[in-house]
Amino acid sequence: MQTKPVLDQIETSNLSFRQLGGAESLAKVSSDFKVTPSAFVVMTGEAAQSPARAAGGYRQKITVSFSVVIVLDARKDDESDTYRLGIRDSLTGWSHPDSSSGALTQYRGWRLVPYPGKLIYEILFQTIDSIRR
């Protein structure tokens with residue numbers, strides 16, 4: 001699945017990120033995280049189920065996992081709930097347009113990533129896709 005539709009969905013929220021990008025953007029700024037608040041979408045994995053024959057064809061369900069990493073200034077920790085909950089609410093129940101199954105995105109939780117002077121949250125999501133031939 002592509003990250004662009006996830007970024008587009010985040011842009012529809014009322015959150016004001018100074019920087020919004022994918023994994024490549026995160027890699028470029030991860031040494032200093034000067035621009036806050038920032039959000040980055042990272043596809044984190046796929047887990048495929050056993051394939052099955054369907055009407056003479058091929059079908060295989062895939063669980064797709066992705067994270068949204070948000071970077072906030074630790075001196076503004078009063079904003080953390082707004083950004084964490086805003087990301088959660090904008091993506092939970094949303095259907096990624098690349099999902100051939102039309103499955104809804106599920107919220108899986110969040111974790112704090114230690115970093116001096118910053119609050120970095122990884123917010124975890126999951127959805128279902130399928131391969132059909």
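Is R111 buried, exposed or partly exposed? At 45% relative accessibility, R111 counts as partly exposed, where buried means under 20% relative accessible area, exposed over 50% and partly exposed in between, for a 1.4 Å probe and protein chains only.

1. Basis. This is a predicted model, in which local features need pLDDT of at least 70, side-chain atom pairs count only at pLDDT 80 or more, and totals for chains, interfaces and linings use all residues. Residues are numbered from 1 along each chain as its sequence is written, and side-chain values use heavy atoms, with hydrogens and water left out.

2. Overall build. The chain has three helices and six strands, in the order α-β-α-β-β-β-α-β-β along the sequence. Helices (H or I, at least four residues) and strands (E, at least two) are DSSP runs, numbered from the N terminus. Along the principal axes, the C-alpha atoms fill a box of roughly 60 × 25 × 20 Å. Of the 133 residues, 44% are buried. Among contacts (heavy atoms within 4.5 Å) with a separation of 6 or more, 58% come from residues 24 or more positions apart. The chain exposes about 7400 Å², and carbon and sulfur atoms supply 48% of that area; accessible areas come from the Shrake-Rupley method with a 1.4 Å probe, and for residues only the protein chains shown count as cover.

3. Helix α1. The helix spans residues 4–11, and its buried residues are P5, V6, L7, Q9 and I10. Their cover includes β1 (19–22), β2, β4 and α3 (80–91).

4. Salt bridges. The structure holds five, a salt bridge being a side-chain nitrogen of Lys or Arg within 4 Å of a carboxyl oxygen of Asp or Glu. One of them joins E122 to R111, with the closest N and O atoms 2.6 Å apart. This pair links distant parts of the chain, as E122 is in strand β6 and R111 in strand β5, 11 residues apart. E122 counts as buried, at 13% relative accessibility. R75 and D73 meet in another, at 2.6 Å from N to O; here R75 is exposed at 74%, while D73 is buried at 10%.

5. R84. The side chain of R84 forms a salt bridge with that of D81, at 2.4 Å from N to O. The two residues are separated by about one helical turn because they are three residues apart in helix α3. R84 is buried at 12% relative accessibility, and D81 is partly exposed at 43%. R84 also lies over the face of Y121, 5.2 Å from the ring centre. A charge sits over a ring if NZ of Lys or CZ of Arg is within 6 Å of the ring centre and within 35 degrees of the ring normal.

6. Aromatic pairs. The whole structure contains five. Rings of Phe, Tyr and Trp (its six-membered ring) pair if their centres lie within 6.5 Å; planes under 30 degrees apart count as stacked, over 60 as edge-to-face and the rest as tilted. F33 and Y115 are edge-to-face, at 5.0 Å centre to centre and 85 degrees between the planes. F33 lies in the loop between α2 (23–29) and β2 (38–48) and Y115 in the loop between β5 (106–113) and β6, so this pair ties together parts 82 residues apart in sequence. F33 is buried, at 7%, and Y115 is partly exposed, at 28%. F66 and F125 are stacked, at 5.5 Å centre to centre and 20 degrees between the planes. F66 is in strand β4 (residues 57–73) and F125 in strand β6, 59 residues apart. Both F66 and F125 are buried.

7. Y107. Ring pairs link Y107 with F66 and F125 into a cluster. The charged end of R88 sits over the ring of Y107, 5.9 Å from its centre.

8. T127. This residue is found in strand β6 (residues 118–132) and is buried, with a relative accessible area of 1%. Leaving aside neighbours within four places in sequence, T127 is in contact with M1, I62, T63, V64, A103, L104 and T105.

9. Cis bond. T36 and P37 are joined by a cis peptide bond, with omega about -5 degrees. P37 is placed in the loop between α2 and β2.

10. R133 is in the segment after β6 and is exposed, with a relative accessible area of 74%. The C-alpha atoms of R133 and R59 are separated by 6.7 Å, though the residues are 74 apart along the chain.
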